[in-house]
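Here are my notes on this one, jotted down as I went through the helices and then the backbone. Have the structure open while you read.

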Amino acid sequence: PRLRKGFKQWYQRRVRARFVKILATGNVDQQHIREFVSSRLVPLEKNPGIRPIGIGETLRRIAGKCISIALKGEVMDATAPLQTCGGIEGGVEASVHAIRKMYEDSSTDCVLLVDASNAFNSLNRATAVQNIGILCPELHQYLKNIYGSPSKMFINGTNQHILSAEGATQGCNLAMGFYGVGIMELIYILKQQVPECKVSWYADDSAGAGKAEHVKEWWEALKYYGPRIGYFPQPSKTCLIIKDPNKLKYYQQLFPGVLVTAEGHRYLGSFIGTKAATEVYVKEKVNDWVVDINDISTAAASEPQLAFAGYYFGITKKWNYLMRTTPDIAPLLSPIEKSIKQQLIPSITGINPTPDVLRDVFSLSPKNGGLGIINPSETADMEYQFSLQINSSLIDAIVENNVESFHPKADVIHKAKLQCKAAKKKAEEDKKFNLLSSCSKELGRQIALGSEKGASSWLSTLPLKECGFTLSKQQFQDAIRLRYNLHLEGISSECACGKANSIDHTLICKLGGYTALRHNHLRDTLANLLGVVCKDVVSEPPLLPVTNEDLPRGTTLKQDARLDISCRGFYSALDKTFIDIRVLHPNSQSNAQKPLTSMYQCHEREKKTKYLQRVLQIEKANFTPFVISTTGGLAPEASAFTKRLAQKLSVKLNQSYSHVMGFIRRKIRIELLKTTLMALRGYRKSKVTAIAELDLNLLQFYVN
């Protein structure tokens, strides 16, 4: 059955690839792909107005994605540097930096930011496809087939549809490339007409800068030639930023109907203009984001894990983009930090008020023992400099306004990225070092435990129910407190065993069977993963009895000895491998004073002393001690084991190694976390008579 299923998947991939190849290389009858090019019409709020989005069927999106990946270089060659929406990395950031650089140039009189009416849907489709045939012939045939005739767009929730006969369908994953290359004829005509005016385009957002007379000439040419290709500039939504406020009336007469300002205007999510006007714009955005943070904080009262994911993966990207494209805004972001500290963190973690030292710890990345809740005021200036450094070559090319194709130097960009990454890493390491130097010894150890590889993977995981990655409100907040060994609310001061209760005690107390549950559940999780790639996977396999073998001192000689898992084909074909699991608590009395490296080595050594030689000599098999801490840290051999498992799963499932490795770490970590959290609040009671010791055959007793 597995072979048959695998063959079906392989065959389906070949059929889809063949279909995409036909679309990209040959003429296809439009009647045959009528349903393929259809889409669902969904209205999105544009504020103001409505943005119509056409959501294509899955097969069309797969085909478009394949084409966009395969022809990314060709599209970039046809568009960059004047048009930056063709897939070039950092294009939108580079456009903002370039226009700001033009604005700040002493030779520049003004900058014109143009807005067009319904640009994507108004593009002359036939002309654009024809132009693409000249500028990017590799993309031409596919677009000709997709946009060769009007396509049906079904109105969401009804059986009615409208025909899409013009423009690029917003929602199509080739729309940006289609529009970017299709509009290049207009860009070249304007550049030929007014070469003195420096321009930058990102899709339909165009900008021109230079002397007033050159910008005026460019603007008139744009209004004349633009409608021929389906680009209709709107004077009422177009803004002219001037540098000399004394000439305001002159510019208003020179550009009738256009908004003229000496302060500045929004551009591609950033702001071009004076420092004072930039501050006003940033403050407005910050106020909106504070409202968003408060909304997330409200949601965190019932769903802290979901709220944390929304913050970590979503809202932070908004101000991160502004930080990368707008200079000197760090002090203006302080209201965000205030809202994070006073609203978001208490709602997500349940820690209120949040001490300053913990706030600093939470601002570290998860892999460094924090929560990744950064302080934007601390990182704004650094992010802006990183953006300038990485995109410097593209920025310079836009400012020079050379119409020749721009070829980004991959090695230079890669080197710049590595330098920025190293600088960012060093800054965080310095901050972490200062924290460890000033905080308590106990908190320092928890930060070190949280910094271990894979220990923080549960924090950077989406709460996917089908993967078992969801946590309840209490579980998530308890996990945060467990991570930093903070006091748990609502647990008794004395354990049922009679000892003083604490987080450390609950994780080693055997009363209630939670230590065994933690161990056994981890064993079953590993066995399930091994079952995908190995044969003869057995839980708790018995070892062969010892007869006359000469085994070293310390080796277990029990005749009924068992290990946790055995399987075949893990390290080599048919060879048998035994795995024995140990879940240790790093803050127990026997481990608390040991360095982490020594702690793991000690436990691995104990397992090897007890089982290694017996497995090697009698079983003729491999032995791996799988030692893991309750905080998620893996011992060296356990780490090597998971890497080998990820490698085999990657080959078996035909998926990337990094994705498989990430899943294994998350799966093991979250399953371990759940059983660890059960021990914190699980019910314990004194020993009573076991059911197994009772005579349950009561009916037979009364009959007799």
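This is a predicted model: local features need pLDDT of at least 70, side-chain atom pairs count only at pLDDT 80 or more; totals for chains, interfaces and linings use all residues.

1. Helices H13 (residues 304-325) and H16 (residues 376-390) pack with their axes 6 Å apart, at an angle of about 60°. That makes H13 oblique to H16, and their crossing is right-handed.

2. Which residues of H13 meet H16? On the H13 side they are Trp319, Asn320, Met323, Arg324 and Thr325. Their partners in H16 include Pro376, Tyr384, Phe386 and Ile390.

3. Next, H2. In this helix, Arg60, Ala63, Gly64 and Ile67 are buried. They cover an arc of only 95° around the axis, so they sit on the same side of H2. An α-helix has 3.6 residues a turn, so residues three or four places apart point the same way. On the other side of H2, Thr58 and Ile69 are exposed.

4. Most peptide bonds are trans, and most residues other than glycine have a negative phi. Two prolines are worth a look: the bond joining Ala80 and Pro81 is cis, with omega about 5°, and Pro81 is in the loop between H3 and H4. The bond from Asn352 to Pro353 is also cis, with omega near 0°; Pro353 lies in the loop between H14 and H15.

5. As for phi, Asp328 has a positive value, near 55°, and is found in the loop between H13 and H14. Asn485 has a positive phi of about 55° too, in the loop between H20 and H21. Asp328 is exposed, at 56% relative accessible area, while Asn485 is partly exposed, at 28%.

How values were computed
Residues are numbered from 1 along each chain as its sequence is written. Side-chain values use heavy atoms; hydrogens and water are left out. Buried means under 20% relative accessible area, exposed over 50%, partly exposed in between (1.4 Å probe, protein chains only). Helices (H or I, at least four residues) and strands (E, at least two) are DSSP runs, numbered from the N terminus. The arc is that of the directions from the helix axis to the C-beta atoms. Axes are lines fitted to C-alpha atoms, for helices over the stretch in contact, and angles run from 0 to 180 degrees between N-to-C directions. Angles under 35 degrees count as roughly parallel, over 145 as roughly antiparallel, 65 to 115 as roughly perpendicular and the rest as oblique. A crossing is left-handed if the near helix is turned anticlockwise from the far one by less than a right angle, and right-handed if clockwise. Contact means heavy atoms within 4.5 Å.
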